[in-house]
Every structure is written in C-alpha cells, then in structure tokens.
Amino acid sequence: MLLKRSTRKFTWHSWIKPWQQMDWLLLCLPVAASVFGGLMIFSTERNQPVTDWWWHWLITGIGLIIALCISRFRYEKLIEWHWFTYGLTTFSLILVMIAGTSAKGAQRWISVLGFNVQPSEFAKIGVIITLAALLHKRTASSLDNVFRALAFTGVPWLLVFLQPDLATSLVFASIVIGMLYWADANPAWLILMGSPVISAILFSTSWPLSQPIILFKELIFSPLGILWAIAMGVLGWLNLPWQKFNISAIASFSLNMLGGELGVFAWNHVLKEYQKNRLTVFMNPDHDPLGAGYHLVQSRIAIGAGEVWGWGLFKGPMTQLNFVPEQHTDFIFSAVGEEFGFIGCLIVLSLYCLICFRLLHVAKTAKDNFGSLIAIGVLSMIVFQLIVNVGMTLGLAPVAGIPLPWMSYGRSAMLTNFISLGIVESVAIFRQQQKYY
C-alpha cells in the first residue's frame, strides 16, 4: 500500500514538475488581456443580439488548455517536423485559394464543421517554426543563408498576398525581418531588403516635394524616389560583397527603381479599390468622413471623448450606440479609450509591454538558437500587430485589418496566439538541460 502511494505521488510530481519552470507572468498576462478583451467586446455588443464575447472567452479557455498542453512537450521536436509543418502550411494556403470562402473581396477562410477557419493565421506559426529551423545552425551572417531563408518563407508569403491578404503578408514580413536580425543578419541587408517597398511608395504617391514625372504611359520617375534609390545604391556598395565593377551599387539602385515601377503597376492594376482606400485614407480621413474615412473618424472621436478617466464601463456613448464599425475586432482599442480613457489605454499598453519584455527574456535565456528564434518570431508578430492596430485606431496608420492580439475578436487569431504562447512556454520550461520522468 505504501509502495502504491509513493508511486502515485512520484508520477503526479513528475507530471507537474516541468510546469514549475513555466514563465507564469508570460502566461497570465495574455489571459488577462483576453478576459478584458471579452469584457470590451460585450460592451460593444451589449445592445445587439450577438454573443461574440461569449465565443471570445470560450476560445480563450480552449487556447489556454492548448497552450498548457503544448508547453509540456519539448519544443526541440519541432525541428524534426519542420518540413512537415512547412508542407502543411503551404498546402492549407493553396487549399484556401481553391476551395476557400470569400468575404469582403478576399478569399481567406475554409469552412470546417460549420466554422470558418483562416489558414493564414496559423501559417504565421508555420513560418516561425520553419525559419527558426533554417537559421538555428546556419545563421543569417552570410547572404547565402539569408537568401535560402527568404526563398522558403517567400512561398507562403506570396500565397497569402494573392488571397489577397495584405495585412497578414505584412505580419509575415515583420516576422522574417525580426528573426533574421536576431540570427545575426547585417542590419544594412535588412534595410536593402525593405527598400523596394519604400521606393514603391515614393514612386506611386504624389508627395509635395516629389511630383512624379510621367514618361510614356506607366513609366514614372519620382525625384524623392530616385534620391532614395541612389542612397540604397551607396548602402549596397558599402555593405554587399559584390563590389567588383560596382555591381552591388548598381544592383541595389536598379532593384529600387524596379520596385518603384512595380509599385506604380501594382497600385494601378493589382490592388483592389478597398485596399487603396485603407492604405491612404488615414492621411486625411476627413476627406471622405462618411465613406472610407468613417472608421477612423469615429474611432478618433471615441478615444478623444474618453479624455483622462473615460466614461466608465458600458457608458461610452460612441460604443454603446455602435458608431464605430468593426469595434469588436479591429477597433477594440477605441472602446478602451472611450470607456477607460487615457489611463485605461496606458494600462493596456503597459500590459503588452510586459508581455513583450517576457518574450524577449525567454529569447535571451533560451538554451539554443532554435528556441531563441521561436521566441523572437512570436515577439515580432505581437509587436507589429500591436503597433499597427493601435496606430490605426488613433489615425496614425492605415486601416490594415490587423487585430489587437488576445483582445480583438477572432477565433483563428486567438488560437494562433495561444499556440505560439504554448511553444514559447516550452522554450522557457526546458531552458535547463534537464529530463523529467
């Protein structure tokens, strides 16, 4: 009898022992954000016959259980499965283009048992795992390894972009840049990687100091764009290895000029009208206050009305009268601003800062490059979504359709965030070279 009791005690102790090493603050903060997010969703929908707030809390509970289960298993096993993960990610993105459900001009969802699942959200995890596996031994200190990483991650990125899902493709880009930087890539290389995007913006937009010069039909030269391309040529000449015959400078300059012209072509022939409006309306939302600028105008009014302390829970007039569209998803932060004021916004942002600091701590203390890169990938994903979401509710960034992590309503996004959290917790738990039996 004594032997049985001691055996049971040992078995139970062995099962819970790994969780003793868990970063509990990193786990509890997202749960707190999720619970508070559900409360704010309830506030935005209190006068409507919907139960998104209930689903939000239910998915939070399911996500928490999944995160706890994932954290129990060693994250190093993901290296052995990273090609399977990559293949599954790519297959799901191809499947959604073939048999997906369309809404709002995009085909992003697959119906599974009556629920709409968004594969591009889960693809973020696939990209993080794939890139971490590629870089954990071959760091990004050489251009060959950088190009190798870009080649593999470029496939899911392109599939997401073609859905079209510009917002998620930007999240992918932030993940790749953050992980490459952490993997010892030259910062100048990362600037050169993103420079064609800047060229595309400069060439396709009429800036006060850069009126485009139109030659022929679609060929456009922008003074600021050309200056940027020259600057990138100099940067390439100083930091790229192909300096013979100034190949690095010529290649960098030409790539930016090509990026500018492709930006003009994409603006005129590729981007949908709603995407153009989302990208530009934040610069002057009052130009179309009842159309494309309506979301931003109403969001700014709601946040401004909250002043320092806010109106109080369930008392914000803009929120309770449903003046802000999509407030339970992309614009949930405006509800916080109106009902809890500047202080409430500051507390929410502080909570996210603590989450980011804990992710950075796990990345710095991980026992290997693979675990460290996974934590940085999740950190890059969260930081980018946080900046863009809060920025667009304040009218400082385009309306990109990026949710606020753990607070905005979105079942696929919520599960993605908790799965990512579970993997990072596994990195935290198994930081020490220990085995639990």
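Predicted model: local features only at pLDDT ≥ 70, side-chain atom pairs only at ≥ 80, totals over all residues.
Residues are numbered from 1 along each chain as its sequence is written, local features need pLDDT of at least 70, side-chain atom pairs count only at pLDDT 80 or more, and totals for chains, interfaces and linings use all residues. Side-chain values use heavy atoms, with hydrogens and water left out.

**Exercise 1.** Locate Asp184 and state whether Asp184 is buried or exposed.

*Solution.* Begin with the helices, which are DSSP runs of H or I with at least four residues, numbered from the N terminus: Asp184 sits in the loop that joins α8 (166-182) to α9 (187-204). Next, take the backbone, where phi of Asp184 is near 80°, a positive value in a residue other than glycine. Finally, Asp184 has a relative accessible area of 53% and is therefore exposed (over 50%; buried is under 20%, partly exposed in between, with a 1.4 Å probe and protein chains only).

**Exercise 2.** Which helix gives the most to the nonpolar patch?

*Solution.* The surface patch consists of Ile94, Met97, Ile98, Trp157, Leu158 and Leu162, together holding about 550 Å² of accessible area. Both α5 (82-99) and α7 (143-161) supply at least two of its residues, but α5 gives the most, with 3 residues. Ile98 lies in α5 and, at 67% relative accessibility, counts as exposed.

Technical notes: Patch = residues over 30% accessible without salt bridge, like charges linked within 9 Å, V, L, I, M, F, W, Y side chains within 5 Å. Areas by Shrake-Rupley, 256 points an atom, 1.4 Å probe, with all protein chains shown as cover. Salt bridge = Lys/Arg side-chain N within 4 Å of Asp/Glu carboxyl O.
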